[in-house]
Amino acid sequence: MSLERKDEYDHKSWMREKNLTPVETTFLTVLIWLDKRLRIVDYLELLEGLYYRVNLQMPKSHTEQYNLDNKFWYWYPLYTLGLFSTLAYVVAAISGALLGFYYSPATTGDPTTAYNSIEFIMRDLQFGFMLRSVHRWAAQVMVAAVFLHMLRVYFTGAYKEPRELNWLIGIVLISLTMVFGYTGYLLPWDQLAFWAGQIGVEMSLSVPLAGEWVAQLLFGGFTLSQATLQRMYIIHVFLLPFVVTTLIAIHIGIVWVQGIAEPH
């Protein structure tokens, strides 16, 4: 894209010749005004050229090679698992954000504050029981959908060239999904959370050489405490959502560029 100033063009005369409607005239006037200042059309042409170059380099899909109806494979049940897991993630994220208005990991250094806030949500908050149930079930559906999605990709060979990068991103995403579930499992700070946390501490300590360092970093020590709950809360609410959302966007973007790998 050249930085040289383009020759002036009489846009007003051109629009008068076209006999445009008032809506079309207004739209083109605004577009011309913005284009003179921000060069919008140049960037749109640049993106259009980039899009066609990328797609020309990608191999044709199965439906393109054999002139099949694309909608047939897109409605195939196993091919909706990626979208299904994404929708479950969106539901879990929205419901989790709403729960965050009432959940507190601790206020005075006492981790039982977390359990009391869960009790308040479940017993006293209007629609609180439903809200937490939606969040929990969305998380469980997401775990199941991601797992089945990975199995479908593996058994249909959709991880092969040129889709290796997206397969690796998928492996990272399913791993982070497990971490999402584990950290959220500990937040209620009930008996289930306590013993799940204790198992996590023991597993960390079993790591060769770096076990004690891992336990100190993730759990704040070798026994469960306020530091453990604080770390799980930070990972679950502040770290994982941004990382997972970014990776999902990249994952879907690559699928959009390469197309869906239909079975042969």
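**Notebook: helices and buried side chains**

I began at serine 204 and listed what it touches: setting aside residues up to four places away in sequence, I found Gly211, Val214, Ala215 and Phe219. Serine 204 itself is found in helix 10, which covers residues 191-205. Is serine 204 buried or exposed? Its relative accessibility is 7%, and buried means under 20%, so serine 204 counts as buried. A reminder to myself before going on: this is a predicted model.

**Overall layout**

Next I stepped back to look at the protein as a whole. I counted twelve helices and zero strands. Reading along the sequence, I noted the pattern α-α-α-α-α-α-α-α-α-α-α-α. I also looked up burial for the chain: of the 264 residues, 32% count as buried. Then I checked contacts between residues at least 6 apart in sequence, and 63% of these join residues at least 24 apart.

**Helix 2**

Helix 2 takes in residues 22-38, which makes 17 residues. At 1.5 Å a residue it should span 24 Å, and I found its end C-alpha atoms 24 Å apart, so the two values agree. Just after helix 2 I came to arginine 39, which takes a positive phi of about 55°.

**Helix 11 against helix 12**

For helix pairs I looked up two values, because two packed helices are described by the angle between their axes and the distance between the axes. Helix 11 (residues 211-219) packs with helix 12 at an angle of about 75°, and their axes are 7 Å apart. Angles of 65 to 115 degrees count as roughly perpendicular, so I put helix 11 and helix 12 down as roughly perpendicular to each other. From helix 11, the contact is made by Gln216, Leu217, Leu218 and Phe219. From helix 12, I listed Ala227, Thr228, Arg231, Met232 and Ile235. Sorted by class, this contact has six nonpolar, two polar and one charged residues. Phe219 was already in my notes, as one of the residues that serine 204 touches.

**Helix 9 against helix 12**

How do helix 9 and helix 12 run relative to each other, parallel or antiparallel? I read an angle of about 155° between helix 9 (residues 164-186) and helix 12 (residues 226-258), with the axes 9 Å apart. Angles over 145 degrees count as roughly antiparallel, so that is how I describe this pair. I noted the contact by class too: 21 nonpolar, six polar and no charged residues. Helix 9 passes helix 12 in a left-handed crossing.

**Two residues of helix 8**

I finished with helix 8, residues 128-155, where leucine 131 lies. Leucine 131 has 16% relative accessibility and therefore counts as buried. Which residues is leucine 131 in contact with, leaving aside its neighbours within four places in sequence? I found Ser95, Leu98 and Leu99. For leucine 98 I also looked up the C-alpha separation from leucine 131: 8.1 Å, with the two residues 33 apart along the chain.

My last stop was histidine 149, whose place is also in helix 8. Its relative accessibility is 16%, so histidine 149 counts as buried. Not counting residues up to four places away in sequence, I saw that histidine 149 touches Leu81, Gly82 and His251.

Conventions
Residues are numbered from 1 along each chain as its sequence is written. This is a predicted model: local features need pLDDT of at least 70, side-chain atom pairs count only at pLDDT 80 or more; totals for chains, interfaces and linings use all residues. Side-chain values use heavy atoms; hydrogens and water are left out. Helices (H or I, at least four residues) and strands (E, at least two) are DSSP runs, numbered from the N terminus. The expected span of a helix is 1.5 Å times one less than its number of residues. Axes are lines fitted to C-alpha atoms, for helices over the stretch in contact, and angles run from 0 to 180 degrees between N-to-C directions. Angles under 35 degrees count as roughly parallel, over 145 as roughly antiparallel, 65 to 115 as roughly perpendicular and the rest as oblique. A crossing is left-handed if the near helix is turned anticlockwise from the far one by less than a right angle, and right-handed if clockwise. Ala, Val, Leu, Ile, Met, Phe, Trp, Tyr, Cys and Pro count as nonpolar, Asp, Glu, Lys and Arg as charged, and the others, Gly among them, as polar. Buried means under 20% relative accessible area, exposed over 50%, partly exposed in between (1.4 Å probe, protein chains only). Contact means heavy atoms within 4.5 Å.
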